[in-house]
Amino acid sequence: GTSRFSVFVLEEMAQGGTPPSLIITAPPKPKGRGLELAPSEVKVWADAHSIPTLEPKEIKSEDFLDSLKALGGWDIFVVASYGKIIPRNIIDLPTHGTLNVHPSLLPLLRGPSPIQSAILEEAPIGTSHESGVTIMLIDEQGDHGDIVTQEKVTIPNWPPKASDLEATLGKKGGELLVRTIPLWIAGSISVQPQDHTLATFSKKISKQDAELNLAGSPATALLKIRAFDIWPRAYFTTLRNERPMRVVVTEAHLENEALVIDRVVPEGKREMAYTDFTRGQ
């Protein structure tokens, strides 16, 4: 795994007495204004817990496969938000196969952005809404494999922020994984094929997806603000001193079916109350 979701899963594995003996994560990437190389969140967690890591640039290379084989026989692999397709020769390497922790109730919301896409689906605002996690046998077709187990989660007062939903589903996925691994290895779980006719798909998110149309639907704007609170962060563009300024919206709510913006981060400035920003305009 690589992302913050993976860290929640790892934390539950460690607390449940099932920490991995090796962690594979993405290599460092440029980050921040200085674009300095920074390790993944999983790498930071692994170092803090003294668990060895591999950070391959190319997971499909023969060199990487050879390095895995050289480290010994493997019982089971677990994938949680790694971000790349795992090749078949790695999927089949461990004795008991490779499990994937996916933050949706498959076959719903396959793909790279299930958490953000769930929020954007425009479930009734202010009501409780059902989400969940799936543990599945991974294959090369992208969230397509047989289901090992699932657990539903009811989220009150929809929509949550993506960061909160990610934490909820990551922890739930880790807890479920800890309970599932010994049963899976013992052979006491039967898999269930997905009903592929019911499959829905999430897409790869771009920065442009987070642009707000403040003259459009208030509900749609609120969903974007909540769905993109980690990245790419919802924003609108305004003029200051006759120049365009990008303004990120961090907090908002609906009031009498209108969007009320609470807090923003104007370009080049710190987060502030929206009322303070408008007074400065």
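Phenylalanine 77 stands opposite threonine 98 in strand 6, and valine 79 stands opposite asparagine 100 of that strand. Strands, like helices, are DSSP runs numbered from the N terminus, with at least two residues (E) for a strand and at least four (H or I) for a helix. The model is a predicted one, in which local features need pLDDT of at least 70 and side-chain atom pairs count only at pLDDT 80 or more, while totals for chains, interfaces and linings use all residues. Residues are numbered from 1 along each chain as its sequence is written, and side-chain values use heavy atoms, leaving out hydrogens and water.

- Strand 5 and strand 6 (residues 98–102) pair in the parallel sense over 3 bridges; two strands are said to pair if DSSP finds at least two bridges between them.
- Strand 6 and strand 7 run antiparallel and are joined by 4 bridges, with asparagine 100 standing opposite methionine 136 in strand 7.
- These strands belong to an open sheet of 4 strands, in the order 5-6-7-8 and with mixed pairing.
- Strand 5 (77–79) and strand 8 (147–155) are the edge strands, each pairing on one side only.
- From one strand to the next, the twist averages 15°; angles run from 0 to 180 degrees between N-to-C directions, and axes are lines fitted to C-alpha atoms, for helices over the stretch in contact.
- Helix 6 packs on the sheet and touches strand 5, strand 6, strand 7 (129–137) and strand 8, and its direction makes about 150° with that of strand 8.
- Strand 6 is mostly covered, with 5 of its 5 residues buried; buried means under 20% relative accessible area, exposed over 50%, and partly exposed in between, for a 1.4 Å probe and protein chains only.
- Thr98, Asn100 and His102 point one way from strand 6, whereas Leu99 and Val101 point the other way.

- Strand 9 (residues 235–240) pairs with strand 10 in the antiparallel sense over 6 bridges, and arginine 240 has arginine 243 in strand 10 as its bridge partner.
- The hairpin of strand 9 and strand 10 has 2 residues between the strands, and asparagine 241 in the turn has a positive phi of about 55°.
- Strand 10 also pairs with strand 11 in the antiparallel sense, over 8 bridges, and valine 249 stands opposite valine 264 in strand 11.
- Strand 10 and strand 11 form a hairpin with 2 residues between them, where asparagine 256 in the turn has a positive phi of about 55°.

**Helix 7 and its surroundings**

- In helix 7 (residues 218–227), the buried residues are Ala221, Leu222, Leu223, Ile225, Arg226 and Ala227.
- Those buried residues pack against helix 5 (114–120), helix 6 (162–185), strand 10 (243–255) and strand 11 (258–266).
- At the start of helix 7, a side-chain oxygen of serine 217 reaches to within 3.4 Å of the backbone nitrogen of alanine 219.
- Glutamine 116 lies in helix 5 and is buried, with a relative accessible area of 17%.
- Leaving aside neighbours within four places in sequence, glutamine 116 is in contact (heavy atoms within 4.5 Å) with Ile205, Ala227 and Phe228.
- Glutamate 211, in the loop between helix 6 and helix 7, counts as partly exposed at 41% relative accessibility.
- The C-alpha atoms of glutamate 211 and lysine 224 are separated by 8.3 Å, with the two residues 13 residues apart along the chain.
- Neighbours within four places in sequence aside, glutamate 211 is in contact with Lys224 and Tyr235.

**Serine 163 in helix 6**

- Serine 163 lies in helix 6 and is buried, with a relative accessible area of 14%.
- The side chain of serine 163 makes a polar contact with the side chain of aspartate 229 at 2.7 Å.
- A polar contact is a pair of N or O atoms within 3.5 Å; within protein, one must be able to donate a hydrogen and the other to accept it, and residues adjacent in sequence count only if both atoms are side-chain atoms.
- Not counting residues up to four places away in sequence, serine 163 touches Arg4, Asp229 and Ile230.

**Helices 1 and 2**

- Helix 1 (residues 4–15) and helix 2 (residues 41–48) pack at an angle of about 25°, and their axes are 8 Å apart.
- The contact involves Arg4, Ser6, Val7, Leu10, Glu11 and Ala14 of helix 1, together with Glu41, Val42 and Trp45 of helix 2.
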